[in-house]
Amino acid sequence: MRWWDWPWLGLQIFLAGYPEPEGEPEPAPVSLRGLIAALLLLASLVLLSLHIIDVLRQSDRLQDCFLQGRTNCDAGPRATDH
C-alpha cells in the first residue's frame, strides 16, 4: 500500500456506517428572490466600480495639471466632459 492510499482508507473506515445515497439528489429550485438579490448586488458593484473609475480619472487630471506647474487647476467637473 502506498502512502497516498492511507487517507482514502481512513475515510472508508470512517464512513463505513453511512449508507450510500440512492440516485441523484434533487436540484434546489431557483428562487426568484435570490436571483433579484444577486442582480441588485451585481448592479451595485458595477455602479460602484464606475464611480471609483470616475474619481480616479478626476484625480489623475488634477495631478497632471499640478505636475505641469499650472496654478488654475479646477478640481470640479469640466464643461467638456459632457
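Good morning. By the rule that a disulfide is a pair of cysteine sulfur atoms within 2.5 Å, the count here comes to one disulfide. A disulfide is a covalent bond between the sulfur atoms of two cysteines. Before the details, please note that this is a predicted model, in which local features need pLDDT of at least 70 and side-chain atom pairs count only at pLDDT 80 or more, while totals for chains, interfaces and linings use all residues. Residues are numbered from 1 along each chain as its sequence is written, and side-chain values use heavy atoms, with hydrogens and water left out.

Which two cysteines does the disulfide join? The partners are C65 and C73, with 1.9 Å from S to S. The torsion about their S-S bond is about -90°, so this disulfide is left-handed. Both C65 and C73 are buried, where buried means under 20% relative accessible area, exposed means over 50%, and partly exposed lies in between (1.4 Å probe, protein chains only). Of the 82 residues of the protein chain, 2% count as buried.

Let me turn to the helices. Helix α2 covers residues 32–67. With 36 residues, α2 reaches 52 Å from its first C-alpha to its last, close to the 52 Å expected at 1.5 Å a residue; that expected span is 1.5 Å times one less than the number of residues. At the start of α2, a side-chain oxygen of S31 comes to within 3.3 Å of the backbone nitrogen of R33. Just after α2, G69 takes a positive phi of about 85°.

Next, some individual positions. R61 lies in helix α2 and is partly exposed, at 32% relative accessible area. Although R61 and C73 are 12 residues apart in sequence, their C-alpha atoms are 9.0 Å apart in space. D74 belongs to the segment after α2 and counts as exposed, at 54% relative accessibility. Between the C-alpha atoms of D74 and Q58, 16 residues apart along the chain, the separation is 10.0 Å.

Finally, the surface. The accessible surface of the protein chain, computed by the Shrake-Rupley method with a 1.4 Å probe, comes to about 8,200 Å², and 65% of that belongs to carbon and sulfur atoms. I36, located in helix α2, counts as partly exposed at 44% relative accessibility. Thank you for your attention.

How values were computed: Helix = DSSP H or I, 4+ residues; strand = E, 2+ residues; numbered from the N terminus. Polar contact = N/O pair within 3.5 Å; in protein donor to acceptor, adjacent residues only side chain to side chain.
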